[in-house]
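This report describes a protein model from its overall arrangement down to single residues. Please consult the sequence and structure shown here while reading.

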Protein chains: 2
Amino acid sequence: MNMTTLRELGEFGLIKRIAEYFPVQSENMSGIGDDCAILPFNDKENMLVTTDMLIENRHFLLDKITPYELGYKSLSVNLSDIAAMGGTPVGAFLSIGIPSKIDLLFIDRFFEGLKFLSGKTHTLLLGGDTTGSPDNLVINIAVIGKAEKDYIKRRSSAKPGDIVCVTGNLGDSAAGLKVLLENVPYTKLTKYFIRQHHMPRPHLKEGQWLSKQDGIRAMIDISDGVESDIHRIMESSLVGAQLEMDKLPVSKELNLAQQQFSWNIWEIALNGGEDYCLMTTVDPLKYENINETYLKIFHHPLYKIGTITGHTGKLELYLNGRKITTEKHGFDHFKNM
Amino acid sequence: MNMTTLRELGEFGLIKRIAEYFPVQSENMSGIGDDCAILPFNDKENMLVTTDMLIENRHFLLDKITPYELGYKSLSVNLSDIAAMGGTPVGAFLSIGIPSKIDLLFIDRFFEGLKFLSGKTHTLLLGGDTTGSPDNLVINIAVIGKAEKDYIKRRSSAKPGDIVCVTGNLGDSAAGLKVLLENVPYTKLTKYFIRQHHMPRPHLKEGQWLSKQDGIRAMIDISDGVESDIHRIMESSLVGAQLEMDKLPVSKELNLAQQQFSWNIWEIALNGGEDYCLMTTVDPLKYENINETYLKIFHHPLYKIGTITGHTGKLELYLNGRKITTEKHGFDHFKNM
């Protein structure tokens with residue numbers, strides 16, 4: 001009799017267990033264990049597939065998010081996975097389970113939000129499934145994308161000595177969640193965080209450009225938080241990492257919030273999820289060249305936040321040059337149940 | 001202000017509304033409105049994509065279906081859509097929202113059922129999303145398949161004069177649902193129906209073979225019931241149809257149930273959903289030849305159940321040569337809310 005519980009196993013344990021049930025024994029396919037699955041497409045390109053489920057009262061609260069934002073975010077979280085592999089989205093497939101409390105006006109606004117991002121990123125909505133739901137609104141989107149075979153970036157390519165970088169500010173989305181959950185009064189500042197939480201921009205252009213640069217090794221999107229997501233790179237690449245907390249890029253708004261609310265913004269930046277920018281590891285000999293061009297195109301640096309080490313599985317954190325320990329870890333969907 | 005409610009609009013109305021939001025303006029793509037979306041793949045083949053969501057207390061009851069059956073059925077309903085286009089499945093993507101009441105033993109059995117059908121049909125589980133759910137178990141599977149361009153069958157190709165055929169018995173699955181909902185005592189007979197309801201076989205081989213036959217025109221899988229699904233062919237092909245109720249193929253078990261329980265098995269066969277066999281329309285000049293070979297391969301005839309007519313949108317029903325009317329219609333996920 002199996003005595004392990006799902007909670008003990010945790011989300012990553014469950015994913016490992018599923019991967020054991022369904023081993024992919026094909027050289028040109030790659031399944032469970034990265035942001036997207038990779039399938040052969042044509043001589044030059046591979047197909048990328050990713051899917052994400054959002055459930056009311058688990059991933060969002062109907063009295064906190066607008067239907068427009070929800071439509072946008074449902075697609076955005078999937079596009080972020082495509083971005084993390086250096087891909088270009090092609091089509092999206094929406095399954096939606098609609099409880100009787102939802103009206104048509106809500107549905108229309110939801111589709112307007114989805115359509116906005118769909119149009120902006122040339123992701124066609126090509127199909128799906130509509131059904132009733134007894135209780136909670138349930139949304140699942142699957143996105144198909146493509147990427148040139150030679151340029152696809154995986155989590156498993158990091159090497160000791162690589163510089164760990166991110167493509168955007170960290171913690172704004174988690175700050176937005178904090179505002180919502182702790183009912184911090186709405187101001188211009190707190191609304192900025194909520195917007196980052198509800199309408200994260202998928203870093204598609206950054207992912208596509210980075211994937212083509214010689215010297216970019218592993219890549220992942222930051223969905224569960226830097227600390228969680230660096231662990232995934234560490235596990236896939238069999239390496240360790242050290243991160244410099246004071247180098248984590250944070251917005252001027254988050255700095256302002258530190259003064260106003262005495263928030264520990266380094267904790268928020270490290271553990272908060274759903275920033276949906278990209279984290280990449282870069283050959284140290286090529287970083288300067290890459291960053292120089294990156295700066296010209298994207299108008300901010302490819303932020304250095306740490307280094308990949310040879311201490312497999314070990315994450316070391318530094319604050320102003322001093323080694324520190326931290327208790328918290330990124331979000332686990334079953335351990336937080 | 002929009003005064004239409006979702007219930008008034010209904011499932012098909014909603015799908016039409018979504019299709020208006022997201023028109024697909026590409027010659028070699030086909031989106032909302034068939035069993036699968038069609039995307040370009042390589043010179044010879046197209047890619048097929050379909051997705052289905054199953055929500056506890058809406059599509060299944062945890063005290064009625066075993067986890068093994070649920071794993072099997074979650075994949076089967078998607079494979080049936082691939083079958084309806086004449087395709088071959090390639091990979092599946094599972095999103096699962098797991099409430100705290102579900103234990104690991106359930107999850108293991110679920111994956112065993114899924115793995116059984118996945119192995120049998122060579123459909124690799126390539127990825128997905130695992131998350132907690134506040135209340136109900138939620139399952140979404142997306143399947144990617146492929147089909148030779150020249151052989152893909154659509155709903156929109158029926159022509160007046162075509163013979164309407166089905167590839168299997170009708171009503172067994174609906175009889176199983178009836179047994180479960182009306183708490184009919186379990187016997188060998190009633191358990192047979194429950195099995196048909198919980199473990200429907202996707203007609204992949206039939207779909208693949210039929211799609212290659214010259215003379216096979218429209219094709220669809222029977223998910224919502226013959227009456228509902230013939231309407232979809234009628235709407236897509238701008239035709240009408242007449243069905244002969246007494247020609248609907250039913251199992252010897254359903255005939256037995258008619259005697260034992262006085263069920264109206266023609267109503268069950270016509271309106272009951274989830275048989276997941278295929279319905280196709282066939283050039284009348286080619287039916288005999290096709291049926292002769294079909295019979296040899298599949299050991300039963302390609303059952304004739306009616307004819308396509310030129311009376312666009314009109315469905316006429318006959319019982320023993322007499323025209324009849326029927327009140328019931330197939331399942332609508334919002335009108336039955």
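## Domains of chain A

Domain bounds, as used here, come from an automatic or database domain assignment. This is a predicted model, in which local features need pLDDT of at least 70 and side-chain atom pairs count only at pLDDT 80 or more, while totals for chains, interfaces and linings use all residues. Residues are numbered from 1 along each chain as its sequence is written, chains are lettered from A in the order in which they are written, and side-chain values use heavy atoms, with hydrogens and water left out.

Chain A is divided into domain 1 (6–150) and domain 2 (155–324). The centres of these two domains of chain A, taken over C-alpha atoms, are separated by 22 Å.

## The interface between the domains

In chain A, 27 residues of domain 1 are in contact (heavy atoms within 4.5 Å) with 25 residues of domain 2. The buried area, meaning the accessible area (1.4 Å probe) that two parts lose on being put together, summed over both, is about 2100 Å² between domain 1 and domain 2 of chain A, and carbon and sulfur atoms give 54% of this area.

Two salt bridges (a side-chain nitrogen of Lys or Arg within 4 Å of a carboxyl oxygen of Asp or Glu) are found across this interface of chain A. R155(A) forms a salt bridge with D35(A), with 3.3 Å between the closest N and O atoms. On the side of domain 1 that touches domain 2 in chain A, α1 (6–21), α2 (67–84) and β3 (88–98) each supply at least two residues. Of that side, α2(A) gives the most, with twelve residues. Helices (H or I, at least four residues) and strands (E, at least two) are DSSP runs, numbered from the N terminus.

E206(A) lies in helix α6 (residues 204–211) of chain A. Not counting residues up to four places away in sequence, E206(A) touches T167(A), R201(A), L278(A), Y294(A) and F298(A).

In chain B, helix α4 (residues 172–181) is largely enclosed by the rest of the structure, because seven of its ten residues are buried. The buried residues of α4(B), among them D172(B) and L180(B), pack against α5 (188–198), α8 (252–261) and α9 (265–271) of chain B. Just after α4(B), N183(B) takes a positive phi of about 50°.

Notes
Buried < 20%, exposed > 50% of the residue type's maximum accessible area, 1.4 Å probe, protein only.
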